[in-house]
Amino acid sequence: MNGEREIAEITLDVRDLDRVAAFYRDVIGLALISESDGSVQLGAGDDAFLTLRARPGAAPRRADQPGLYHTAFLLPNRAALGGWLHHAARDQIELDGASDHGVSEALYLTDPEGNGIEIYADRPASEWQRRGARVEMTTKPLDLRDVMAAGDRWQGAPAATRIGHVHLAVADVGAARAFFTETLGLTETFDAPSAAWFGWDGYHHHFAANSWHSAGARRPEAPHTGLAEITLRGIHLPKGLTGPDGVIYRGTA
């Protein structure tokens, strides 16, 4: 990934902390970094990038409300993606989809509380098709057998794994566009009907926003499950900054 600006960590509020933490450990392959009363931090190597907070009484966020569309975990290479796919096949992990996006190869699934997940590996940036700031992305069927043939033995998420991007469901893509470009300083890199993608420093995207199922919808009333906070590395932000999706954004050097 180019540049120093990136997503450092996200926080999800969940009703069943033990069940969701076990899913991200056993299915996604993240390592337990730390735990305290009511929260768990997971990541890869020594880097924690996913915090789960227990909110037993929170209302489940509906899919037609603004919030998380998916969290995308970026693996360091195609061999790791193939290794995870072998793991998924062996353990009969149900996938929601698999796509070749041109810039990346991606697998999709959902955690026990309905939070979308993407697991992906980038193709070399030299192979991305660019037109100025625009990075052309596609959605084609992924050749699963070819990905599996490249796979290494899966032993959990490699140390270089990180959160590559976050895709949000929003009420208004225009308001999201203004927030990401004007407040967070991202560049719009791609667009499609009712959706837009944004990146820093030439990356295909660190954020995406769509209103496919959430156009004009109100934010869920607190407390609710799902994405609560995003911490960004390499950017300074005012304290308590809230995006149009209702998520709290924090900056860190």
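Guide: Gladly! Contact means heavy atoms within 4.5 Å, and axes are lines fitted to C-alpha atoms, for helices over the stretch in contact, with angles from 0 to 180 degrees between N-to-C directions. With those terms, α1 lies across β1, β3 (39-44) and β4, at about 155° to β4. This is a predicted model, where local features need pLDDT of at least 70, side-chain atom pairs count only at pLDDT 80 or more, and totals for chains, interfaces and linings use all residues. Residues are numbered from 1 along each chain as its sequence is written, and side-chain values use heavy atoms, leaving out hydrogens and water.

Visitor: Why is His 101 called buried?

Guide: Buried means under 20% relative accessible area, with a 1.4 Å probe and protein chains only. His 101 has 13% relative accessibility, so His 101 counts as buried. This residue is found in the loop between β6 (97-100) and β7.

Visitor: What makes a polar contact between the side chains of His 101 and Tyr 108?

Guide: A polar contact is a pair of N or O atoms within 3.5 Å; within protein, one must be able to donate a hydrogen and the other to accept it, and residues adjacent in sequence count only if both atoms are side-chain atoms. The two side chains make such a contact at 2.6 Å.

Methods:
Helices (H or I, at least four residues) and strands (E, at least two) are DSSP runs, numbered from the N terminus. Buried means under 20% relative accessible area, exposed over 50%, partly exposed in between (1.4 Å probe, protein chains only).
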